[in-house]
Amino acid sequence: SQVELMCGIVGVVRNDAKKVDEVLVSQMCDAIKHRGPDEDGFYFNGPVGLGMRRLSIIDLASGQQPIHNQDRTAWIVFNGEIYNYLELRKQLEELGHQFYTNSDTEAIIHAYDRYGADCAKHLRGMFVFAIWDERTQELLLARDRVGKKPLLYAEVNGQLVFGSEFSALLLHPDISREVNYEALDYYLSFTCVPAPLTAYQAIKKLEPG
């Protein structure tokens with residue numbers, strides 16, 4: 001039988017100076033524990049909180065997330081698999097990048113340091129990831145071209161909240177459960193809800209690519 005590779009990511013980024021609710025981010029991560037039963041990991045820095053649940057596939061020993069770049073100024077949480085990561089890693093090492101794990105996740109963060117937001121163009125695989133850049137104070141969210149891996153987000157009360165499943169986002173007290181009737185109409189007509197719509201008014205799907 002085919003095994004679906006699963007992990008899960010969550011995060012909250014505030015646009016003010018207030019500290020992110022670390023307990024809430026931890027609870028959001030617990031809500032998707034079934035996606036990654038092996039371990040969890042967190043990055044907290046003032047108004048930013050990233051979390052992930054991991055199903056260990058590649059680099060079981062040292063591939064714990066979040067993973068950082070060479071000088072610890074950018075951090076990533078990632079769900080998926082990068083098929084060309086060994087090739088990409090070799091290219092980046094030839095350009096002077098130094099790696100501390102054997103994971104495909106680290107190849108992404110080094111590609112980000114080299115290519116910025118265009119790093120996703122260098123990836124072949126199925127993925128969603130979130131990168132927080134301490135230097136620019138910016139968050140990058142990316143999803144693979146086909147949309148194999150899910151990523152949901154909401155912008156509420158000066159916060160960007162994201163996660164792999166509704167169960168995580170709906171724990172946030174500022175996110176309404178109001179139904180999106182346009183999405184319901186699509187579902188009843190075509191048995192699918194096209195991105196960026198979801199069944200909830202407040203929550204959107206990050207579109208593929």
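Gln137 sits in the loop between β6 and β7, and its phi is near 60°, a positive value in a residue other than glycine. Keep in mind that this is a predicted model: local features need pLDDT of at least 70, side-chain atom pairs count only at pLDDT 80 or more, and totals for chains, interfaces and linings use all residues. Residues are numbered from 1 along each chain as its sequence is written, and side-chain values use heavy atoms, with hydrogens and water left out.

- Gln137 is partly exposed because its relative accessible area is 49% (buried means under 20%, exposed over 50%, partly exposed in between, with a 1.4 Å probe and protein chains only).
- Asn157 also has a positive phi, about 50°, although it is not a glycine.
- The loop between β8 (152-156) and β9 (159-163) is where you'll find Asn157, and with a relative accessible area of 61% this residue is exposed.
- Gln65 and Pro66 are joined by a cis peptide bond with omega about 0°; Pro66 lies in the loop between β3 and β4.
- Another cis peptide bond links Ala195 to Pro196, with omega about 10°, and Pro196 belongs to the loop between α5 (181-190) and β10 (204-205).

**The chain as a whole**

- Expect five helices and ten strands in the protein chain (DSSP runs numbered from the N terminus: helices are H or I with at least four residues, strands are E with at least two).
- The radius of gyration is 17 Å, which agrees with the value near 17 Å for a compact globule of 209 residues (it is taken over C-alpha atoms, and the globule rule is 2.2 Å times the number of residues to the power 0.38).
- Along the principal axes, the C-alpha atoms fill a box of roughly 50 × 45 × 30 Å.
- Buried residues make up 50% of the 209 in the chain.
- Among contacts with a separation of 6 or more, 54% are between residues 24 or more positions apart (contact means heavy atoms within 4.5 Å).

**The nonpolar cores**

- The largest nonpolar core has 22 residues, and Ile76, Ile108, Phe129 and Ile131 touch the most other members (such a core is a set of buried Ala, Val, Leu, Ile, Met, Phe, Trp, Tyr and Cys residues joined through side-chain atoms within 4.5 Å).
- Two or more residues of this core come from each of β5 (74-82), α2 (85-94), α3 (104-115), β6 (125-133) and β7 (138-143).
- Helix α3 gives the largest share, five residues.
- Another core of 18 residues lies apart from this one, with Val10, Val20, Val25 and Leu170 among its members.

**Around Gln65, Ile76 and Thr105**

- Setting aside neighbours within four places in sequence, Ile76 is in contact with residues including Gln65, Pro66, Thr105, Ile108, Phe129 and Ile131.
- Gln65 is in the loop between β3 (48-54) and β4 (67-68), and at a relative accessible area of 7% it is buried.
- Beyond residues up to four places away in sequence, Gln65 touches Gly41, Phe42, Met52, Ile76, Val77, Phe78 and Thr105.
- The C-alpha atoms of Gln65 and Tyr43 are separated by 8.8 Å, with the two residues 22 apart along the chain.
- Thr105 lies in helix α3 and counts as buried because its relative accessibility is 3%.
- Leaving out neighbours within four places in sequence, Thr105 is in contact with Gln65, Ile67, Ile76 and Phe78.
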